[in-house]
Amino acid sequence: MTVPSTSELPEGRCAERIDTTTVHPARRYNYWLGGKDNFAADRQSGDQIAAVYPGVRTLARENRAFLGRAVRFLAEEVGVRQFLDIGTGIPSADNTHEVAQSVAPDSRVVYVDNDPMVLVHARALLTSDPAGATAYLDADLRDPEKILADPQLHATLDLSQPVALVLIAVTHFLTDDDRPHEQVARLLDPLPSGSWLALTHFTTDHIPADTVTRMEAEFAAGRMKQDAVPRDRAEFARFFTGLDLAEPGIAPVSEWRPQVPPEQRPPLADASIYGAVARKP
């Protein structure tokens with residue numbers, strides 16, 4: 001397979017698309033994780049949300065930790081060697097290819113994101129183990145057919161073999177009008193039996209009602225930007241219709257195959273984001 005080189009990335013054009021004055025979820029998430037790839041607008045938005053919901057920084061960390069555990073489970077226990085990670089975000093520690101290739105150096109990963117700043121940083125993502133491969137697509141989750149038809153994807157992944165579709169903290173940025181469940185199904189449909197879905201999604205199920213009320217009031221007044229759509233457990237479960245859930249099934253991310261005892265895990269209110277991993281029969 002021919003893998004695109006980093007020199008093929010349209011870095012200059014993407015840099016021109018970056019708007020530093022408008023908050024972007026990937027950069028705000030980077031800020032909550034303690035990263036430096038963010039701007040004043042992202043930090044202001046992040047601080048506004050944290051003032052109402054202080055647990056959001058813990059949520060971001062727990063969500064990132066889930067990614068590592070889920071990818072390790074897929075590579076180590078299930079034997080997956082191909083990953084399609086959509087909504088990649090800005091590179092941080094333990095990216096999908098780093099975790100997968102630490103288990104199996106021949107793992108192949110395609111990253112997909114539509115944030116120009118993420119593309120600028122894609123050179124970091126494209127540092128693959130020589131035995132494996134990584135590629136990056138500038139595309140949108142709302143256009144599954146474009147993603148699945150991209151020549152770079154087919155140069156990196158063999159879609160006749162199982163693929164793990166990784167959607168970490170991205171579907172909650174799709175409104176109901178974007179039909180998120182349909183988009184995920186359209187991505188899964190062409191993947192062969194034995195493929196997997198790993199997905200996390202923000203919920204208010206575990207956040208105290210008074211905090212939710214304050215958040216909604218801030219959004220309604222225009223003092224905070226609402227770009228994430230929380231969905232409850234039933235709505236989250238719909239993403240896995242027809243799939244076989246791996247143990248422990250649907251759970252808050254901090255409770256999905258945790259590596260620390262209960263007393264060391266955060267309160268559910270501070271990690272109110274569901275996670276699950278499931279196999280396509």
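**Close-up views of a predicted model**

**View 1. His97 is buried in the predicted model.** The relative accessible area of His97 is 2%, a value under the 20% that marks a buried residue. His97 belongs to helix α5. Its side chain reaches the backbone oxygen of Thr127 at 3.1 Å.

**View 2. Helix α4 passes helix α5 in a right-handed crossing.** Two packed helices are described by the angle between their axes and the distance between the axes. Here helix α4 spans residues 56-78 and helix α5 spans residues 96-103; their axes come within 9 Å and cross at roughly 35 degrees. On the α4 side, the residues in contact are Leu67, Gly68, Val71, Arg72, Ala75 and Glu76. On the α5 side, Thr96, Val99, Ala100, Ser102 and Val103 meet them. By class, six residues of this contact are nonpolar, three are polar and two are charged.

**View 3. Gly194 lies in the loop between α10 and β5.** Gly194 counts as buried because its relative accessibility is 10%, under the 20% cut-off. Leaving aside residues up to four places away in sequence, Gly194 touches Pro162, Arg279 and Lys280. Arg238 is 44 residues from Gly194 along the chain, and the C-alpha atoms of the two are separated by 19 Å.

**View 4. Ala169 has a positive phi although it is not a glycine.** The phi angle of Ala169 is about 55 degrees. This residue is placed in the loop between β4 (164-168) and α10. With 16% relative accessibility, Ala169 counts as buried.

**View 5. Arg257 also has a positive phi in a residue other than glycine.** For Arg257 the angle is near 45 degrees. The residue lies in the loop between β7 and β8 (273-279). Arg257 is partly exposed, and its relative accessible area is 29%.

**View 6. A cis peptide bond joins Glu247 and Pro248.** The omega angle of this bond is about 10 degrees. Pro248 is found in the loop between β6 (244-245) and β7 (251-252).

**View 7. Confidence is given for the chain and for residues 1-13.** The average pLDDT of the chain is 90, and 93% of the residues score at least 70. Over residues 1-13, by contrast, the pLDDT is below 50. Beyond near neighbours in sequence, this stretch has 23 contacts in the model. Where pLDDT is low, the predicted coordinates should not be read in detail.

Methods. Residues numbered from 1 in each chain as written. Predicted model: local features only at pLDDT ≥ 70, side-chain atom pairs only at ≥ 80, totals over all residues. Heavy atoms only, no water. Axes fitted to C-alpha atoms, helices over the stretch in contact; angles between N-to-C directions. Helix = DSSP H or I, 4+ residues; strand = E, 2+ residues; numbered from the N terminus. Left-handed = near helix turned anticlockwise from the far one by under 90°. Contact = heavy atoms within 4.5 Å. Nonpolar A, V, L, I, M, F, W, Y, C, P; charged D, E, K, R; others polar. Buried < 20%, exposed > 50% of the residue type's maximum accessible area, 1.4 Å probe, protein only. Polar contact = N/O pair within 3.5 Å; in protein donor to acceptor, adjacent residues only side chain to side chain. pLDDT = per-residue confidence, 0-100.
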